[in-house]
Amino acid sequence: MSLTSKLIYATAFQVGWFICILTASWVSLGYSLIFLTLYLGHLKRTAKYFSLKKEILWIGLVFTCGFILETISFSAGFLYTSLPVNLFEHIKLPPLWLMNLWVLFAIALRTCLSFVFSKPQITYLIASLAIPLNYYLGAKLNGDVTINNPQGLSLALIALLWIVLLWVLFQLKRFYFEDIFNAG
């Protein structure tokens, strides 16, 4: 993938991050669907190897892992939302806009963030700093989600969940998705 394409994807991902965080509405779903459609269309036209099944499977797996991570974060009390969606008594589901962000993240991992898989240990170190900052800023910009006190502990536990998630995604990529990552 060219540097120009990576910059375009990085910009589109960052715009999507702001749309998801600031609108917290169906607008984020629309943006995610448009981004997904444009991504798959671009890949189909330009990639040396294109497998729609594998692309959708990758996005679905990242989305599912993100859903699990966010559900743990809300259910365990690391994060709080003023608009709770409860499943059973103690399981709190993440808001729709946050799940739309996971679709964007899955695409970003295939495009502008694919470098995270080249040196996993460095990625884990960077994630332990960047992820808490990302959640902190997101909570400040979005009025519906807050980080529970003590914030430092909640953010540290979320970062730990992310490190586990990145390890799982690295393993999935290495064993099942190497072909689509190397297809260019």
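Because the model is predicted, local features need pLDDT of at least 70 and side-chain atom pairs count only at pLDDT 80 or more, while totals for chains, interfaces and linings use all residues. Residues are numbered from 1 along each chain as its sequence is written, and side-chain values use heavy atoms, with hydrogens and water left out.

We begin with the salt bridges, a term that stands for a side-chain nitrogen of Lys or Arg within 4 Å of a carboxyl oxygen of Asp or Glu. A search of the whole structure finds three of them.

One of these joins the side chains of Lys 54 and Asp 179, at 3.0 Å from N to O. Lys 54 lies in helix 3 (residues 52-75) and Asp 179 in helix 6, so this pair ties together parts that are 125 residues apart in sequence; the helices named here are DSSP runs of H or I with at least four residues, numbered from the N terminus. Lys 54, at 22% relative accessibility, counts as partly exposed, and Asp 179, at 30%, counts as partly exposed too, where buried means under 20% relative accessible area, exposed means over 50%, and partly exposed is in between (1.4 Å probe, protein chains only).

Another salt bridge is formed by the side chains of Arg 110 and Glu 55, at 2.7 Å from N to O. This pair also links distant parts of the chain, for Arg 110 is in helix 4 (residues 96-110) and Glu 55 is in helix 3, 55 residues apart. Arg 110 is buried, with a relative accessible area of 9%, and Glu 55 counts as buried at 1% relative accessibility.

In the remaining salt bridge, the side chains of Lys 173 and Glu 178 meet at 2.7 Å, N to O. Lys 173 lies in helix 6 (residues 151-181) and, at 10% relative accessibility, counts as buried, whereas Glu 178, at 27%, counts as partly exposed. Leaving aside its neighbours within four places in sequence, Lys 173 is in contact (heavy atoms within 4.5 Å) with Trp 58, Phe 117, Glu 178 and Phe 181.

A disulfide is a pair of cysteine sulfur atoms within 2.5 Å, and a search of the whole structure finds zero disulfides. Cys 20 is in none, since the nearest cysteine sulfur, that of Cys 112, is 14 Å away. Cys 20 is buried, with a relative accessible area of 0%, and Cys 112 counts as buried at 12% relative accessibility.

Conventions. Helices (H or I, at least four residues) and strands (E, at least two) are DSSP runs, numbered from the N terminus.
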